[in-house]
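Have a look at the fold first, then read on.

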Amino acid sequence: MDRVLIADDHPLVRDGLRAVISLAFEGCELFEAATLDEALGVLGEGAEFDLVLLDLNMPGATGFDGLDRMVTQFPATPVVVVSGSHTAALVRGALAHGAAGFVPKSLRRSAIAEALRAVLDGEVYVPADIAEEITTEDAAEASIRRRIDLLTPQQRIVFGLMVAGRLNKQIAYELDVSMTTVKAHVSAVLAKLEVFNRTQAVILANRVGFPPVIPTRK
């Protein structure tokens with residue numbers, strides 16, 4: 001590894017990462033930036049970088065927009081997010097926005113060095129415990145989608161109206177069917193989703209982004 005940019009607004013964090021890289025990658029040239037604009041400016045000077053270590057929450061960046069800008073402007077440069085927070089949702093989001101890896105700041109120095117080596121070898125690094133959590137969540141969401149796929153077209157509409165917060169009598173009015181028919185559909189939806197009530201069904205829908213049905217009748 002020849003050139004690395006450390007983009008973080010905390011001097012102590014930059015010092016720590018600089019120490020890790022200096023020990024693990026002898027002869028590596030290090031650059032630093034305390035704001036997103038500084039980081040983009042360094043990358044825009046023309047020299048190729050092997051890696052960027054990016055803090056998501058630094059001046060000029062909110063959420064994933066800084067990562068988005070960096071990945072869009074410099075797609076050939078791997079960007080590893082280095083963050084003090086490392087929930088599964090945050091890691092999943094960073095990877096979805098183009099990060100080549102996610103390194104919690106709480107990792108031991110030796111583990112950080114191993115993570116960077118993995119990224120340089122073309123792997124996408126995520127701590128093992130977070131990777132396991134994401135895998136478990138993915139499996140659970142896949143199970144929910146399989147259950148939703150069991151619904152008939154009419155049951156999907158009823159489910160969408162349930163997600164929109166409509167009561168049985170409102171669903172009956174919207175679909176121009178009897179209350180008995182609506183109750184039968186709702187019961188079938190709950191059974192296929194393997195839940196006991198409407199609240200649990202709506203929670204599953206929100207988890208996988210199943211869209212509500214917007215009523216058309218006034």
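The points below cover the cores and then the helix packing.

1. A word on ground rules: this is a predicted model, with local features needing pLDDT of at least 70, side-chain atom pairs counting only at pLDDT 80 or more, and totals for chains, interfaces and linings using all residues. Residues are numbered from 1 along each chain as its sequence is written, and side-chain values use heavy atoms, leaving out hydrogens and water.

2. Start with the largest nonpolar core, which has 28 residues. By nonpolar core I mean buried Ala, Val, Leu, Ile, Met, Phe, Trp, Tyr and Cys residues joined through side-chain atoms within 4.5 Å; buried is under 20% relative accessible area with a 1.4 Å probe, protein chains only. Leu5, Leu43, Val52, Leu54, Leu67, Met70 and Val81 have the most contacts inside this core. Elements supplying at least two residues each include strand S1 (3–7), helix H2 (36–43) and helix H6 (128–149), and H2 gives the most, with five. Helices (H or I, at least four residues) and strands (E, at least two) are DSSP runs, numbered from the N terminus.

3. Leucine 43 is worth a click: leaving aside residues up to four places away in sequence, Leu43 touches Leu5, Phe49, Val52, Met70 and Phe74. Contact here is heavy atoms within 4.5 Å. There is also a second, separate core of 21 residues, with Ile148, Phe159, Ile171 and Ala201 among them.

4. Ala88, Val91 and Arg92 in H4 meet Ile130, Glu133, Ile134, Glu137 and Asp138 in H6. That contact divides into four nonpolar, no polar and four charged residues.

5. H7 (residues 153–163) and H8 (residues 168–175) also have axes within 10 Å, crossing at roughly 130°, which makes H7 oblique to H8. On the H7 side, Gln154, Ile157, Val158, Leu161 and Met162 meet Ile171, Glu174 and Leu175 of H8.

6. Last, the surroundings of H7. Its buried residues include Val158, Phe159 and Leu161, and the cover over the buried residues includes H6, H8, helix H9 (179–193) and helix H10 (198–208). After H7 comes glycine 165, with a positive phi near 90°.

Note on methods:
Buried < 20%, exposed > 50% of the residue type's maximum accessible area, 1.4 Å probe, protein only. Axes fitted to C-alpha atoms, helices over the stretch in contact; angles between N-to-C directions. Parallel < 35°, antiparallel > 145°, perpendicular 65-115°, else oblique. Nonpolar A, V, L, I, M, F, W, Y, C, P; charged D, E, K, R; others polar.
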